[in-house]
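The sequence and structure come first.

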Amino acid sequence: MATVISRVQVAPAGNATEMSLPLTLFDMPWLFLYRIMRRLLFYRLPISRDTFIETICPKLVSSLSLTLTYFLPLAGNLVSPSDSCTKPELRYMPGDSVSITFAESGDDFNSLIGFGLCIGTTHHHVAGDGNTMMSFARAWAMISKLGGDLEFIAERSAQFYDRSIVNDPYGVRDLMFEEMKKVAKVELSEAEISPPRINKVRATYIMRWRDIEKLKNLVAARQRAREVHISAFTVTCAYVWTSLVKARVAIGEQSEDNKMEYFSCVADCRSRLNPPLPASYFGNCLVRCFVKSKHGILVGSEGFLTAAELIGETIQERVTDQEWILNREVWLSELKISDPQRVVAVAGYPRLDIYAADFGWGKPEKVEFVTIDGGNLMSICKGRDSEGDVEIGLAMPRTKMDAFSTIFADGLRNF
């Protein structure tokens, strides 16, 4: 158990003025889907309790305050007026702040990373996607590490807030909000804020670049008439998805060959819009990629190859089709799934280098996505120690984890 040392409200430095950002069609789905994102960064930093309290804590508070001046909406609130005609928005008002808690654990968590420092963050996905939140994490780390070089930091951390550039020709934002109001509430429940303890274990698997290249070559050798988008993300997701399905079979869960299995991921589409959004655009700009296949195919001898082709084809088609990205019908049609227990979804992306968040103590020793505890989620991020490696995080009951571990390792040896 952790002992709380202090709780501090941190406001943006200076005299920040009011800011409001209307939600776009890319933000609206996150009011109701996978809303709360939690992440832990572990740093190896052998320090005394006094040093932590007297040096580290004040530095983190002051650097966070400076960082928030470049990310004002993160210090504000998601405002959902009771008037059903008024759309939700992100709103910062002078006096708004974020809460930061400093705590100390006396437990031996050497099985995780060893003694040191852990920074945990929680945010609502409607505030921003992985690109936005990674920009925030890097800015906070850079300000903490470099201190007073604010001109350089301002140039690197400036965000693009103009949402008038986001076209919505089909009225997806308004339609989606009206549809979702019928089936869900925007307010957060207590369970979402403090999820109950669940009977799962966590594990991190490393997909080495050599194995990734081997899997990519296997897919490339079976190319059909049209080329498939083959990337480290594609083959990693395909391999983990099929291994998870096989693990369910291995522990005796019901198996029906004709049952559909689903896979869901997102892809950044800032550069795909017309006009394109800058890389520094603050908020969400993701297209959803949804794949399905019969259970019997995925557990068969060519299950991985089929999964890789389906995922690769879907990503390639979705990110290059602006009609798909913006059309209201396709957005709404995939929100209704017949069996959500058979959906595997992804949190994270290998191109977002979370290990680059150096607060002055070096890169993190370990990254954990706490979000995956709550559902059929896998986390993916760039590997820490070797260029080209990919880290996969999973949380599931121990019997299923043991089965997955065996299938995961054996499969890579036998390919």
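## Aromatic cluster

Y43, F71, F136, W140, Y161, F282, F359 and W361 form one aromatic cluster. The model is predicted, with pLDDT of at least 70 required for local features and 80 or more for side-chain atom pairs, while totals for chains, interfaces and linings use all residues. Residues are numbered from 1 along each chain as its sequence is written, and side-chain values use heavy atoms, without hydrogens and water.

Rings of Phe, Tyr and Trp (its six-membered ring) pair if their centres lie within 6.5 Å; planes under 30 degrees apart count as stacked, over 60 as edge-to-face and the rest as tilted. The whole structure holds 19 aromatic pairs. In one of them, F71 and F136 have ring centres 5.5 Å apart and planes at 80 degrees, so the pair is edge-to-face. The two residues are 65 apart in the chain: F71 is in the loop between α1 (49–68) and α2 (72–75), and F136 is in helix α3 (residues 130–146). Both F71 and F136 are buried (under 20% relative accessible area, with exposed over 50% and partly exposed in between; 1.4 Å probe, protein chains only).

## Helix α8

Of the 19 residues in α8, 15 are buried. G252, with a positive phi near 90 degrees, follows α8.

## Whole chain

| Item | Value |
|---|---|
| Helices in the protein chain (DSSP runs of H or I, at least four residues) | 13 |
| Strands in the protein chain (DSSP runs of E, at least two residues) | 14 |
| Buried share of the 415 residues | 47% |
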